[in-house]
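Please look over the structure below. The report after it covers backbone geometry, ligand sites and strand pairing.

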Amino acid sequence: MTEKPAAGRILLSVTGMYPQRWYELLSRARPVVLEPEGEADPTIHYAVVWKQKRGVLKRLPNLKVIFSAGAGVDHLLADPELPDVPIVRVVAENLTQYMVEYVSWRVLDHHRQGFAYRAQQAQKIWHEPHQPPAGEVAVGIMGLGELGGAAARALLALGFKVNGWSRREKRVEGVTTFHGEAGLTPFLNATDILVVLLPLTPATEGIIDHSVLKRLRQNGPLGGPCLVNAGRGRLQKEADILRALEEGVLKEASLDVFETEPLPEKSPLWTHPKVFVTPHAAATSDAAQLVPLMLAQIEAFERGEPLRNVVDREAGY
Ligand code: NDP
Ligand code: OXD
């Protein structure tokens, strides 16, 4: 009788993402290890990682697939010794839903004058400022992928005008689309609330700088443009955001991600009256939702079916 080959083990290295929860759920289906054994561990075929310990992946000679525990993969691609195997990133309904909620919440807060009302309440001021209708306000989404596309549809349903900017040419119903370097200025010029949902790549690092903020529509219905960044912190230059707020080039900002995380205590963003801070919490990777998707992909892969949501390493996302 031939014995069934042992199932390849899964390496789990998810820094700051409740590893115990991932461990419990994954290990119900497969043997899971937290550290490879010895210099080279041939029993590990899959890795589930988030900001993995440096050098841990190169010790896996039989690694077949790396699963990023999040949608972004900049944490993985930053590893100079990353093995040359497919990387699968998170695309999941619940993660998208979280992001749609976050973007809708922040856009509505800027649109419905949340900053002004909180300041008024602190001083017990009863005053109703002019409120433009959503249909007069243009939200511009940088990054029209899984998350940006879903956010665009939700904002359209709320009645906003929506512009979108992507790397390649794209059509999204109801959205005025722009792409590439040539499309950037017209996209910015037509935008009142800029929502950043780009991946961090060599092409996008530091893209949210003073020159981009300056090109947002300066005479729009909100009395100045607003910024929402839920992509990555290193997309933005925080000194430029502070300068733009100081100059009035930018009216307000909602930031979920920062150049350095956790946001250092000394950062002026914490206490700036025109900045709303959340701790990289726009869309959480929920192990209970994501583990079944990863296990289903492993099973399909072992049946010889193609992997889904594979990262294009050359593009960096
Ligand atoms: P996708 O890969 O589906 O979409 C990325 C989009 O960005 C695409 O539209 C792509 O263009 C565009 N893009 C990439 N590079 C460029 C460029 N150089 N110029 C213009 N457009 C560009 O990613 P997701 O929507 O799933 O996720 C986006 C990012 O959101 C993640 O990478 C991650 O960093 C961040 N994120 C943050 C979370 C949080 O909690 N704050 C949670 C989850 C994700 P094209 O369509 O042409 O390919
Ligand atoms: C992600 C994140 O990329 O949570 O999924 O930032």
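Asparagine 309 sits in the segment after α9. This is a predicted model. Phi of asparagine 309 is near 60°, a positive value in a residue other than glycine. Most residues other than glycine have a negative phi, and most peptide bonds are trans. Asparagine 309 has 28% relative accessibility, so the residue counts as partly exposed.

The loop between β12 and α9 (287-302) holds histidine 280. Its relative accessibility is 31%, so histidine 280 counts as partly exposed. A cis peptide bond links glutamate 261 to proline 262, with omega about -5°. Proline 262 belongs to the loop between β11 and β12 (275-277).

## The ligand 2 site

Histidine 280 comes up again here. One of its polar side-chain atoms lies 2.6 Å from an oxygen atom of ligand 2. The protein covers 88% of the 210 Å² of accessible area that ligand 2 has on its own. Backbone atoms take part as well. A backbone N or O atom of alanine 71 is 2.7 Å from an oxygen atom of ligand 2. For glycine 72, a polar backbone atom lies 2.8 Å from an oxygen atom of the ligand.

Which residues are around ligand 2? They are Trp50, Gly70, Ala71, Gly72, Arg232, His280 and Ala283. Sorted by class, this shell has three nonpolar, three polar and one charged residues.

## The ligand 1 site

Ligand 1 is surrounded by 28 residues. The closest are Arg89, Glu146, Arg168, Asp256 and Tyr317. By class, the shell holds 14 nonpolar, seven polar and seven charged residues. Two elements, α5 (146-157) and β7 (161-166), each supply at least two residues of this shell.

A polar side-chain atom of arginine 168 is 2.6 Å from an oxygen atom of ligand 1. Aspartate 256 places a polar side-chain atom 2.9 Å from a nitrogen atom of ligand 1. A backbone contact involves leucine 147: one of its polar backbone atoms lies 2.9 Å from an oxygen atom of ligand 1. The protein covers 93% of the 940 Å² of accessible area that ligand 1 has on its own.

Where does ligand 1 lie relative to domain 1 and domain 2? Domain 1 (9-90 + 285-302) and domain 2 (93-277) both contribute residues to its shell, so ligand 1 lies between them.

## The β2-β1-β3-β4-β5 sheet

Five strands make an open sheet, ordered β2-β1-β3-β4-β5, with parallel pairing. The edges are β2 (32-33) and β5 (87-88). Each has a single partner strand, so one side of each is left without a neighbour in the sheet.

Inside this order, strand β3 (residues 44-50) pairs with strand β4 (residues 65-68) in the parallel sense. Four bridges join them. Tyrosine 46 has valine 65 in β4 as its bridge partner.

Strand β9 (residues 193-196) is covered on both faces. Ile193 and Val195 are buried on one side, and Leu194 and Val196 are buried on the other. Strand β6 (residues 138-142) runs parallel to β9 and is joined to it by four bridges. The bridge partner of valine 139 is isoleucine 193 in β9.

β9 also pairs with strand β10 (residues 226-229), again parallel and over four bridges. Here valine 196 has asparagine 229 in β10 as its bridge partner.

β10 in turn pairs with β11 in the parallel sense, over four bridges. Cysteine 226 has glutamate 252 in β11 as its bridge partner.

Terms used:
Residues numbered from 1 in each chain as written. Chains lettered and ligands numbered in written order. Predicted model: local features only at pLDDT ≥ 70, side-chain atom pairs only at ≥ 80, totals over all residues. Heavy atoms only, no water. Near = heavy atom within 4 Å. Polar contact = N/O pair within 3.5 Å; in protein donor to acceptor, adjacent residues only side chain to side chain. Areas by Shrake-Rupley, 256 points an atom, 1.4 Å probe, with all protein chains shown as cover. Nonpolar A, V, L, I, M, F, W, Y, C, P; charged D, E, K, R; others polar. Buried < 20%, exposed > 50% of the residue type's maximum accessible area, 1.4 Å probe, protein only. Pairing = 2+ DSSP bridges. Domains from an automatic or database assignment.
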